[in-house]
Amino acid sequence: KYLLSLSDVQSLKDEYLYLNGLSVLDVAAGTGAGALYAASRGASSVMATDFSENMLQVLQSRTNDYPCHVLETKVSNGLCLPLSWKNEYDIVLSNFGVIYFPKVNEGLREMIRCAKKGGKVCLSGWGSKEETNAFSVFPAAMKRCGLDRRWRHARSTGRKHLLALAGTIPSPSSKKQERNRNRYHGISLTPNYVCPVTRISSSQCVLTKMMADAGLEDVHVIPVTNDLRLDSAESYWNRFVLASPNLKRFVEQCLSVQDVIRLKHAVSEILHEEHEESSSHRGKAGVVLKASAYIAIGTKTSPREQRSRKDAKNKR
C-alpha cells in the first residue's frame with residue numbers, strides 16, 4: 001500500500017512531496033515499508049539496508065517502478081553499518097527495526113553516525129502488551145497448550161548456536177579489558193530477528209530518554225493508537241505468527257502437526273473470549289485488537305553543540 005509508481009509520484013502535488021531532494025537511510029528495513037514510503041514522497045535517494053538478504057529481495061521485487069538511483073538496497077548489519085555512510089543522510093529511520101536489536105543503544109548510535117549534522121533520526125516501536133493486545137495472544141495460547149517451556153528452550157538453544165556462529169563483539173586490548181569484557185558479554189553481531197531477546201515496550205518516556213541520552217536534540221515522541229480488525233483467528237495466525245521469522249520457525253521446526261492444531265485452536269479461543277467484536281458492527285462478527293505505537297524523532301547536532309548545551313544546562 002505504500003508503493004506508488006514513478007508516474008504517480010510525479011503527479012503528486014508539491015505538498016505531498018515533503019521529502020523532495022532529501023537522502024534517506026532505512027535501517028533494518030525488512031521488506032521496506034519505510035523505504036517505499038520515503039520514495040513515494042519524493043526523496044532523491046533511498047538506501048534500504050537489512051541483515052536479511054531474503055527480506056531485501058522481497059523489497060527489490062516491489063521497486064521495479066523506481067529508477068535504481070532512487071531506491072537501492074544493501075545487506076548490512078545495523079550494529080555496524082558501513083563506515084562510508086558517516087554524516088551521509090538527511091534522514092535516518094528505522095520502522096519497527098532497531099528498537100528490537102539486542103543492543104538498541106548501539107543501533108541508535110549507528111543511525112546517528114550516518115545522519116548529517118542537522119539531520120533527522122526517526123524510529124518507531126510498539127507499545128506494551130497491555131496497549132497492543134496482539135502481542136499477548138500467542139504467548140497466552142502457548143501457555144494454555146503447555147508449550148511455553150518448549151518456546152523458551154528453543155529461544156535459548158537458538159541464541160547459543162547463533163552466538164557461537166556469529167561470535168561476540170571483541171573487547172579492546174587495554175587496561176579496561178576486564179570491564180569491557182563484562183560490558184560486552186553475550187552481545188552478538190547477529191540482529192534480533194535471528195537472535196531473539198526480550199521485546200522492548202516503547203513509550204513516550206522510554207523513547208524520549210533513549211533519544212536524548214544518545215545526544216539527539218529537539219526530541220519528539222508521537223503516540224499512534226488504532227483498532228486492528230481481523231475477520232477471523234486465521235487472519236491473526238497469518239499476520240502475527242507466520243509473518244514473524246522467529247514464531248514461524250518455531251511452529252514449523254519445533255512443533256508437531258497435532259501441536260500446531262492445538263495451538264491454533266487456543267489462539268482462536270483466546271481471540272473470541274477476549275477480543276471478539278459484536279456482529280452488529282459492519283454486519284458481521286470479527287476480532288478487534290487494540291494497537292499502540294510510538295514514533296520518535298530527534299535532530300543530530302555536532303559534538304561541540306552538545307557540549308555547549310550540556311554546559312548551559314548544568315549552569316542553571
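Student: How many aromatic pairs does a search of the whole structure find?
Tutor: Seven aromatic pairs. Keep in mind that this is a predicted model.

Student: What makes the pair of Phe96 and Trp126 stacked?
Tutor: The ring centres of Phe96 and Trp126 lie 4.6 Å apart, with the planes at 20°. Pairing needs centres within 6.5 Å, and stacking needs planes under 30 degrees apart. Both conditions hold, so the pair is stacked.

Student: Which parts does the pair tie together?
Tutor: Phe96 is in the loop between β4 and α4, and Trp126 is in strand β5. These parts are 30 residues apart in sequence.

Student: Why is Phe96 called partly exposed?
Tutor: Its relative accessible area is 28%. Buried means under 20% and exposed over 50%, so Phe96 falls in between.

Student: Why is Phe240 called buried?
Tutor: Phe240 has a relative accessible area of 18%. The cut-off is under 20%, so Phe240 counts as buried. Tyr236 is buried too, at 1%.

Student: What separates Tyr236 and Phe240 in helix α9?
Tutor: About one helical turn, because they are four residues apart.

Student: Why are α9 and α11 called roughly perpendicular?
Tutor: The helices pack at an angle of about 115°, with axes 9 Å apart. The range for roughly perpendicular is 65 to 115, so the label applies.

Student: What makes α2 largely enclosed by the rest of the structure?
Tutor: Six of its eight residues are buried. Among them are Leu36 and Ser40.

Key. Residues are numbered from 1 along each chain as its sequence is written. This is a predicted model: local features need pLDDT of at least 70, side-chain atom pairs count only at pLDDT 80 or more; totals for chains, interfaces and linings use all residues. Side-chain values use heavy atoms; hydrogens and water are left out. Axes are lines fitted to C-alpha atoms, for helices over the stretch in contact, and angles run from 0 to 180 degrees between N-to-C directions. Helices (H or I, at least four residues) and strands (E, at least two) are DSSP runs, numbered from the N terminus. Angles under 35 degrees count as roughly parallel, over 145 as roughly antiparallel, 65 to 115 as roughly perpendicular and the rest as oblique. Buried means under 20% relative accessible area, exposed over 50%, partly exposed in between (1.4 Å probe, protein chains only). Rings of Phe, Tyr and Trp (its six-membered ring) pair if their centres lie within 6.5 Å; planes under 30 degrees apart count as stacked, over 60 as edge-to-face and the rest as tilted.
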